[in-house]
Structures are given as structure tokens and as C-alpha cells.
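User: Hi! Could you walk me through this structure?
Analyst: Happy to, here it is.

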Amino acid sequence: MKQQWIYLNGEFVSKEDAKISVYDHGFLYGDGIFEGIRIYDGNIFKNKEHLDRLYDSAKSIMLDIPLTIEEMEAAVIETLRRNEMRDGYIRLIVSRGPGNLGLDPRRCPTASVIIIVEQLAIYSEEAYRDGLVSVSVSQRRNIPDALNPKIKSLNYLNNILVKIQANLAGVGEAIMLNAQGYVAEGSSDNIFIVKNNVVYTPPCYIGALEGITRAAIMELCEQLGYKLKEEPFTLHDVYVADEVFFTGTAAEVIAVREVDGRKIGSGKAGPITTHLLQKFRELVKVDGVRAFD
Ligand code: PMP
């Protein structure tokens, strides 16, 4: 097995030696933020958008990242090069850093910065063609007034509770509603539906992360001439949709063929989903920053 190098507070350490303090508030309280980015054939897809979201999340929780955005980009590229990773997944983590057992972030003078790069394949090509089976879950999305889902915080218990319900139902991704009963998103993906050739996705104020794949798909819809509406919808609209799909950095654009026992459309990935996936896969190789040349 090839040695895996992890960026840990300015140094490169082996996976085995990549350790943080048990007093790190990221560990104690989920106090921190993160990003998940993909590199495709040497191209860091939507690099700027991901870094901007990381720094926006940090600002929102008043966390000072001890690197400028340019230094962070350089650290990511160096981590990719050391690991000779031309295709894979990049996880950026910034926690409040080590403090004491109290909540007070003023006791954490230095944030911890970690960059991990790994291979990734979550769904088979068959799943992209045939679509996933999904369910809605009882777990509601955090209300934005309490912990805004736009912040990609290390506190992912809301999402993990959805994942547990998805696991119990034997599905890979589940649909979460907000406190008012509108469809919000998946445990780690945004959601879209298609009805009568119109593409719909919930606005993020409903309670969803401003997904970068979501934004890319919205742009593609515009370029390809699909009518797009960002508006709230309910589970009923999902059940009667012609197509349903999830979007995310890891999942890309994955069709859903069944929700809560209701067959969606033809029961396979629909034509608009398939078209968007195809165009998305062209985009990922060109939109971003080259890490190797
Ligand atoms: N929603 C949540 C809760 C997420 O964690 C993610 C990231 N995996 C997404 C949506 C999709 O966002 P992106 O397209 O930026 O990966």
C-alpha cells in the first residue's frame, strides 16, 4: 500500500501519525467547519467556490483560519502532489483547535487545519443508470435560526441521524424535510425534481446547504435551455415527479427511481437527469484549477 500523506497544521505526516488533541473543540463539540472537493484528471473542480464556502462558513462561526485562501489552495495542491492524486476526493477540515473542556472558543488560540485526499467511488455506473431507491425520514432539518444548514459545520449530527434512518431502511440516501414539512435535502446531497420538463430545487432558506454541485446543475439547466424553478415543494411533488435526482460532490448527479414505495417516472434515470449527468461529467474536467501542470 502506498504511503498516504496528510496535511496537519503545516506539516505532512503519514496517516498513522495524523493525530489531534483530545482537547480539540472539533472533537469535543463539533466546533469547526469542513469542505469536500473533487479532483478529476488533475483538475480541482470548482476550487474557488469550495474555498469561498469554507471561508464563509468560518466567518459565520467567527473562526480565524490561520492561512490565507491562497495559502490554503497551495496546501491543497501540495497535498495532492505528495499523494500523486489526480482523481479523488479532498477533505478540508478546520476546527477551533485545542482548548480546555469548557465551551469558550477564546480558550482555543489556534485552529487546527487538516487536509486529507483519498480515492472515492460511492455509486456504481449501474446505480447512475438505474437510479437509487430512497425514502423520506422523520428527522427534520435543523432550523436555520438554530444552526444554519448553509454553514458546512463539523456538527453533522443532524445529517448522521438521517443517515441512520437511511441505513435502517436499507437505502443509500434519504430525503429530509424542514420543520414546516417542505423537502429540504438529503443527508449529504441536494435534491431536484423534474415535472413536465421543468426542473425544481428547493431554495436554500428552506434548510439546505448551498451545494456547489447544485449551483453547477442550475447553471447547466440555464445553458441547456431547461426551465428551472427554485421553489419550495412537498413530498407529494416528489412522489408525482417525472424524475428525481440528488446532487453532491461525492454523489455527482444520481437519479432516484423510487421514493417511499412510489415508482418515479419510468423507474430508471430519466432523460433530463441523464443529460445533466453527461454534461456535468464534461464540466468537471475543465471548470476549476489544474493541480499538476
Ligand atoms: N447537503 C449537504 C448536507 C452536504 O453535506 C452536501 C455535501 N456533500 C451537499 C448538500 C452537496 O453539496 P456539494 O454539491 O457542494 O458537495
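User: Which domains does the assignment give for the protein chain?
Analyst: The assignment gives domain 1 (5-118) and domain 2 (125-283); the bounds come from an automatic or database domain assignment. This is a predicted model, where local features need pLDDT of at least 70, side-chain atom pairs count only at pLDDT 80 or more, and totals for chains, interfaces and linings use all residues. Residues are numbered from 1 along each chain as its sequence is written.

User: How many residues does each domain put into the contact?
Analyst: Domain 1 puts in 19 residues and domain 2 nine residues, with two residues in contact if their C-beta atoms, placed from the backbone, lie within 7 Å. The domain centres, taken over C-alpha atoms, are 26 Å apart.

User: And which element gives the most on the domain 1 side?
Analyst: That's E3, with seven residues. Strand E3 (32-40), helix H2 (47-60) and strand E5 (88-95) are the elements giving two or more residues to that side. Helices (H or I, at least four residues) and strands (E, at least two) are DSSP runs, numbered from the N terminus.

User: Switching to the ligand, which residues are closest?
Analyst: Leu209, Gly211, Ile212, Thr213 and Thr249 are the closest of the 15 residues that surround the ligand; a residue counts as near if its C-beta atom, placed from the backbone, lies within 6 Å of the molecule.

User: Which elements give two or more residues to that shell?
Analyst: Helix H6 (212-224) and strand E13 (243-248) do. H6 has the largest share, three residues.
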